[in-house]
Amino acid sequence: MHDKGFAASSISSKLSAISFIHKLLNLTDPTQSFLIQKLVHAARKFQLPDGRKPISPRILKSLLDSLPAVLPQAYDQQLFKALFLFCYHSLSRVGEVTVTGASTHTLQLSDVSTQIIPPLTAPSLLVTFRTYKHGNPTRPAKISISPHIGSPYCPVTNLTSYLSLRGDCAGCLFLRSDGRPVSSVLFSSTLRKCVLHIHLDPRAFTAHSFRIGAATQAALSGVSDTQIRALGRWSSDAFRSYIRP
């Protein structure tokens with residue numbers, strides 16, 4: 001995993017899952033072996049540079065334009081157009097918009113609403129992250145996403161269009177046409193197809209590239225460190241590593 005560019009924290013998370021399953025089945029925990037512990041220590045000490053690249057506004061538009069060629073169903077096209085735009089503008093982690101093996105932070109339909117915020121005349125999205133990585137469960141994070149009036153890439157109108165197809169049943173915000181939540185695997189595989197379609201390297205553009213790209217663009221636009229930290233729900237200055245040249 002280290003050779004594939006996984007961060008030491010990601011390796012530790014995966015080992016924790018393996019450890020949990022073995023303990024649940026009353027089996028010997030292989031992750032506690034001397035060799036594994038030494039390898040984890042080495043991974044922390046010799047972390048490879050992060051090769052993930054930011055999804056810029058230009059690349060985001062190209063990815064969105066590729067969806068009809070990648071996904072044959074109209075529902076899926078609107079689902080992923082709304083999802084990609086939402087990920088970018090909310091600086092979402094993949095576990096906040098999809099279900100993973102240990103989902104605890106996935107946004108629900110009830111976590112999103114619209115409201116007109118003066119001086120704007122069109123509604124903005126209001127998003128409540130009730131729980132999130134490193135967050136305090138008693139203090140949810142709230143952000144607003146402004147409309148891009150007249151743009152086909154408006155995050156508000158595209159989410160609204162998706163929700164009209166989704167319906168108002170309770171549950172995860174992003175659902176497939178059969179009612180199942182979008183998984184992190186499906187998200188990553190669809191993004192990979194789009195990245196390949198626009199002739200970019202899928203190893204460099206991953207689900208986290210939306211978050212990296214949005215943080216980078218915010219910094220380039222003069223958004224303050226305090227605002228970026230709040231928008232991305234960072235509890236420290238770790239956001240600085242997301243801002244790329």
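Helix α3 supplies the largest share of the lining of the second largest pocket, 4 residues. The model is predicted, so local features need pLDDT of at least 70 and side-chain atom pairs count only at pLDDT 80 or more, while totals for chains, interfaces and linings use all residues. Residues are numbered from 1 along each chain as its sequence is written, and side-chain values use heavy atoms, without hydrogens and water.

**Pocket**
- The second largest pocket has a volume of about 470 Å³ (the space filled by probe spheres set on grid points joined across faces, edges and corners).
- A pocket here is an open set of points on a 1 Å grid over the protein atoms alone, where a 1.4 Å probe fits, with protein on both sides within 12 Å along at least five of seven lines; lining residues have an atom within 4 Å of a point.
- Of its 20 lining residues, Y88, H89, I145, S146 and H148 are the closest to the centre.
- At least two lining residues come from each of α3 (57-70), α4, β3 and α8 (208-220) (DSSP runs numbered from the N terminus: helices H or I, at least four residues; strands E, at least two).

**Sheet**
- An open antiparallel sheet has 3 strands in the order β1-β2-β3 (strands pair if DSSP finds at least two bridges between them).
- Its edge strands, β1 (112-116) and β3 (141-145), each pair on one side only.
- Strand β2 (residues 123-129) pairs with β3 over 5 bridges, and F129 has A141 of β3 as its bridge partner.

**Helices on the sheet**
- Helix α4 (residues 74-90) lies across β2 and β3, at about 115 degrees to β3 (axes are lines fitted to C-alpha atoms, for helices over the stretch in contact; angles run from 0 to 180 degrees between N-to-C directions).
- Helix α6 (residues 155-166) touches β1, β2 and β3 (contact means heavy atoms within 4.5 Å).
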